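This briefing is meant for someone meeting the structure for the first time.

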Amino acid sequence: MDVDTGNMTQTNLVDKVVVPGDVVLDLTKMENQTIKLGSGLRQDCDYISVMQAGKLRLSKPNKYWVESSQKRYVHRLEDTVLGIVVEHRSDNFLVDIKAPNLAFLPVLAFEGGTRRNIPKFETGTLIYARVVKANGIMNPELSCTDASGKAAEFGQLKNGYMFETSTGLARMLLSSPTCPVLEALGKKISFETAVGLNGRVWVNASSPDDVILVSNAIMRSEFLSGTQQRIMAEKLLERLQKS
Amino acid sequence: MEDRTDGRNANQLRPLGCSRTILNRAHGSARWSQGNTIVLAAVYGPKAGTKKGENPEKASFEVIWKPKTGQIGKQEREYEMILKRTLQSICLVNVHPNTTTSVIVQVVGDDGSLLPCAINASCAALVDAGIPMKHLAVSISCGLMEEGSIILDLTKSEEEKLKAFAYLVFPNSPLSVIDKVHSSKEEPIEHGIITSVSYGAMPVSGYFDCLERGRAASAAISEFLRRSLQKQSSEDASRAAQ
């Protein structure tokens with residue numbers, strides 16, 4: 001098998017923008033290889049085609065996915081999300097996470113949760129949780145503990161301000177190394193944020209001015225490059241005479 | 001060859017325009033213009049639950065057509081039904097079963113070829129909302145003149161004068177890594193047809209001529225759609241990735 005020419009024909013769409021219907025991989029040319037498909041790709045008999053428009057990415061050796069940014073969220077396992085409680089049933093809280101279905105948060109899925117100390121969340125409570133069951137068809141299930149059962153910052157988020165963004169901006173804020181806008185703001189203001197991969201961001205700081213400043217800076221940074229983000233953040237800080 | 005009122009030749013399309021993500025609250029939106037025919041499409045969804053009578057194992061679509069003026073009547077209901085069937089056939093309905101996606105179409109300007117413009121706008125809006133799709137749809141109107149020649153992208157006055165015309169919807173031409181040798185065994189995907197709505201009486205040969213011309217022109221629209229999707233998407237991605 002001539003691996004070199006095989007690789008050339010198959011990866012010439014990587015890092016290019018693809019639209020639904022484009023064929024990105026021909027499986028008949030790749031024998032005995034395992035390929036991992038992420039979001040936006042599906043298998044159609046002998047080839048892999050695109051479901052959503054976006055940039056095709058490859059993480060060597062074999063992970064392919066389409067990077068796109070939407071206003072809605074598709075639930076995935078082990079994602080951390082910010083949900084809003086909609087209803088309290090006997091066994092579960094129903095939580096809205098901007099997905100096609102409402103998510104269930106079992107009342108016992110908290111650190112040290114027993115039938116006696118069920119938390120009292122009213123409708124509208126903001127929760128930081130982790131997706132533990134994400135079968136595409138059924139309602140996703142959340143949990144407010146990490147894998148070892150500890151609370152680890154999950155749970156209700158009090159005070160602060162929550163705003164909605166696209167999923168692409170949420171991913172950028174969570175990327176490592178630290179996103180430039182958060183770094184630039186962190187040098188002058190102390191604040192805390194929680195970013196949900198479902199496109200919700202919560203910001204809390206000691207004064208309302210700081211909260212508004214941080215939220216505006218984050219919302220404006222979506223389409224800016226690293227240096228542009230730093231410049232924008234510094235301009236905002238100057239306006240409020242923090243520097 | 002007769003001259004067309006706006007000076008185009010038989011195969012020329014009106015200037016196309018497409019902008020996406022224009023509405024703040026909609027999950028996906030697009031505005032598509034072909035000359036003076038302008039349509040705004042908004043997509044909300046997928047939302048949980050299906051309507052009564054719809055199959056809960058598939059995602060269902062709901063289309064609402066809003067005319068520029070006047071009350072909603074039979075013509076709007078017909079457009080809604082055609083649009084719903086077209087969108088159902090291009091979207092993957094098994095990815096999010098038991099959900100409803102709403103598409104709302106608002107007519108901003110009507111100068112002929114309204115249904116093709118609406119289909120193009122809805123397809124762009126669905127891509128903007130990230131609804132999983134098999135491929136894109138491009139739509140065009142073709143008219144049959146008396147002497148048998150075909151004209152493309154009809155204006156309202158041409159539609160009224162012509163004896164017969166058709167609205168055609170084709171799949172777009174995909175980019176593919178499959179070798180040409182491999183795929184020449186089957187017909188390329190853009191030779192299929194998704195929807196065809198015809199008005200008036202035309203001979204069979206005339207209809208097939210319309211199909212051919214329409215298919216050839218749909219390659220141009222497909223290329224335009226791809227470029228407009230790439231332009232917006234690469235601007236966002238290149239800025240956000242840095």
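How many helices and how many strands are there in chain B? In this predicted model, chain B holds five helices and nine strands. The chain has 242 residues, of which 50% count as buried, and it touches chain A through 41 of its residues, which are in contact with 38 residues of chain A.

**Chain B on its own**

- Read from the N terminus, the elements of chain B follow the order β-β-β-β-α-β-α-β-β-α-β-α-β-α.
- When the contacts in chain B between residues at least 6 apart in sequence are considered, 72% of them join residues that are at least 24 apart.

**Where chain B meets chain A**

- The area buried between chain B and chain A comes to about 3,100 Å², and carbon and sulfur atoms give 60% of that area.
- One salt bridge is counted between the two chains; it is formed by Arg226(B) and Asp22(A), whose closest N and O atoms are 2.8 Å apart.
- Between chain B and chain A there are also eight residue pairs in polar contact, counted where both residues have pLDDT 80 or more.
- On the side of chain B that touches chain A, at least two residues each are supplied by β3 (37–48), α2 (114–129) and α5 (204–241) of chain B, and the largest share, nine residues, comes from α5(B).
- Sorted by class, this side of chain B is made up of 20 nonpolar, 14 polar and seven charged residues.

**Aromatic rings**

- Over all chains, a search of the whole structure finds ten aromatic pairs, and one of them is formed by Phe93(A) and Phe121(A).
- A pair of aromatic rings is described by the distance of the centres and the angle of the planes.
- For Phe93(A) and Phe121(A), the centres are 5.2 Å apart and the planes make an angle of 45°, so that the pair counts as tilted.
- This pair links distant parts of the chain, with Phe93(A) lying in strand β9 (residues 92–96) of chain A and Phe121(A) in the loop between β10 (103–106) and β11 (126–133) of chain A, and the two residues are 28 residues apart.
- Both Phe93(A) and Phe121(A) are buried, and ring pairs link these two residues and Phe110(A) into a cluster.

Conventions
Residues are numbered from 1 along each chain as its sequence is written. Chains are lettered from A and ligands numbered from 1 in the order in which they are written. This is a predicted model: local features need pLDDT of at least 70, side-chain atom pairs count only at pLDDT 80 or more; totals for chains, interfaces and linings use all residues. Side-chain values use heavy atoms; hydrogens and water are left out. Contact means heavy atoms within 4.5 Å. Buried area is the accessible area (1.4 Å probe) that two parts lose on being put together, summed over both. A salt bridge is a side-chain nitrogen of Lys or Arg within 4 Å of a carboxyl oxygen of Asp or Glu. A polar contact is a pair of N or O atoms within 3.5 Å; within protein, one must be able to donate a hydrogen and the other to accept it, and residues adjacent in sequence count only if both atoms are side-chain atoms. Helices (H or I, at least four residues) and strands (E, at least two) are DSSP runs, numbered from the N terminus. Ala, Val, Leu, Ile, Met, Phe, Trp, Tyr, Cys and Pro count as nonpolar, Asp, Glu, Lys and Arg as charged, and the others, Gly among them, as polar. Rings of Phe, Tyr and Trp (its six-membered ring) pair if their centres lie within 6.5 Å; planes under 30 degrees apart count as stacked, over 60 as edge-to-face and the rest as tilted. Buried means under 20% relative accessible area, exposed over 50%, partly exposed in between (1.4 Å probe, protein chains only).
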